[in-house]
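Below are some notes on the ligand site, the pockets and a few backbone details. Please read them with the model open.

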Amino acid sequence: MKAIRVKEFGGPEVMQLVEVPDPKPTGAQVVVRIRAAGVNPVDVYMRSGTYPRKPTLPYTPGTDGAGTVESLGPDAAKRFKPGERVYLAGSLSGTYAELALCEEQFVFQLPAHVSFAQGAAMHVAYATAYRALFQRAHAVAGETLLVHGASGGVGIAAVQLARAAGLRVIGTVGSERGGKLVLDEGAHVVLDHSAPNHFEEALAATGGRGYDLILEMLANVNLGRDLGILAMHGRVSVVGSRGNAEITPRDMMGRDGAIIGMSLWNTPPHELICIHAALVAGLENKTLRPVIGQEIPLAEAGRAHTAIMAGGAHGKIVLIP
Ligand code: NAP
């Protein structure tokens, strides 16, 4: 098969499309023929060698993907037949490839109306949004949520999940196009996070009461000011950060507030399977509708990595083998 291989950490150019042996399933493994692979910022951090989790070189990037079941290992529970449409929550061999080796328990059925590209958006973006909102920050209906960075993969997922669960949703974006998308996907109000006064606007959007919950995509830039717009007992669920932040602890103390960290990688397997049960239900009842901003050929994976770091997010970027 053809696959992207990274032999050394570095810029986008270290990703090369090469011929490698087809993976073979053993035990309870499944091989999936990848029809779309999701691109995530973490793929960029890993490829550049700056992420705390470093893959052993050489490696094939990619955690997200969707396609059809190619073959099953002898101990697989046979939840799927060859040819069935599925998406996957992580793979053992990397998804930037024509075939990916997966554990059967982390493969999920893709409803007929959901495209492969949309399936490739389900794991990192939607599972992260679900875990940050519900399992870590215990969001409940009636609460007011700020999705700080609502136009990207995790942000759109959070807007759809929170709307379906009965929260009031305010989303921030950095472009007009992103703003239209976030409103279309269910936010009640959209604000521009490049405007210096957007924290004042965000507070005004709650009538001055503040936020029960903030889902933060860029904590190094925003965390200090997030604490000042929390409601009593408000929480900031930190999803993304690209550096250090300075905070005023009294902003938290005065509100009995909390900062909650989360990493999708820390999710115990049984909780991950619960998350995906909820996500598949959301796809089936159409409250979840992954938005694909760009489809890029697998051979141009480097271009996808440059695009995801460029800003002006509009849903997900996927690679097509
Ligand atoms: P993405 O699709 O590239 O989207 C990035 C988002 O950040 C966009 O909505 C972008 O808005 C927004 N943003 C840019 N500047 C911002 C600012 N000053 N304040 C608030 N938001 C800003 O990335 P993603 O997949 O949604 O991931 C978002 C972040 O979460 C990334 O840092 C990623 O590494 C992290 N993440 C963490 C986990 C975890 O397990 N903790 C899992 C998945 C992702 P515009 O482009 O419209 O400006």
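How many nonpolar, polar and charged residues does the shell around the ligand have?

1. The shell around the ligand has 13 nonpolar, 13 polar and one charged residues. In this classification Ala, Val, Leu, Ile, Met, Phe, Trp, Tyr, Cys and Pro count as nonpolar, Asp, Glu, Lys and Arg as charged, and the others, Gly among them, as polar.

2. On the source: this is a predicted model, in which local features need pLDDT of at least 70 and side-chain atom pairs count only at pLDDT 80 or more, while totals for chains, interfaces and linings use all residues. Residues are numbered from 1 along each chain as its sequence is written, and side-chain values use heavy atoms, with hydrogens and water left out.

3. The ligand is surrounded by 27 residues, and the closest are Tyr45, Ser151, His193, Leu264 and Ala313. A residue is near a molecule if one of its heavy atoms lies within 4 Å of it. Helix 1 (41–48), helix 3 (122–136) and helix 4 (153–164) each give at least two residues to this shell. Helices (H or I, at least four residues) and strands (E, at least two) are DSSP runs, numbered from the N terminus.

4. Polar contacts are pairs of N or O atoms within 3.5 Å; within protein, one must be able to donate a hydrogen and the other to accept it, and residues adjacent in sequence count only if both atoms are side-chain atoms. A side-chain N or O atom of His193 is 2.8 Å from an oxygen atom of the ligand. Ala313 places a polar backbone atom 2.8 Å from a ligand oxygen, and a backbone N or O atom of Gly152 lies 3.0 Å from an oxygen atom of the ligand. The protein covers 86% of the 920 Å² of accessible area that the ligand has on its own (Shrake-Rupley method, 1.4 Å probe; for residues, only the protein chains shown count as cover).

5. The ligand takes up the space of the largest pocket; a molecule sits in a pocket if more than half of its atoms lie within 2 Å of the grid points. A pocket, on a 1 Å grid over the protein atoms alone, is an open set of points where a 1.4 Å probe fits, with protein on both sides within 12 Å along at least five of seven lines; lining residues have an atom within 4 Å of a point. The volume of the largest pocket is about 1,400 Å³. Its lining has 49 residues, with Pro41, Tyr45, Val154, Met217 and Arg242 closest to the centre. The lining divides into 21 nonpolar, 23 polar and five charged residues.

6. The second largest pocket holds about 620 Å³ of space. Among its 24 lining residues, Arg53, Thr63, Gly90, Ser91 and Trp265 lie nearest the centre. Helix 1, strand 6 (99–103) and helix 9 (269–284) each give two or more residues to this lining.

7. Three backbone details deserve a check. Leu57 and Pro58 are joined by a cis peptide bond, with omega about -10 degrees; Pro58 lies in the loop between helix 1 and strand 4 (64–72). Lys78, in the loop between strand 4 and strand 5 (85–89), has a positive phi near 60 degrees. His233, in strand 12 (residues 230–238), has a positive phi of about 65 degrees although it is not a glycine.

Key
Grid points are joined across faces, edges and corners, and a volume is the space filled by probe spheres set on the points.
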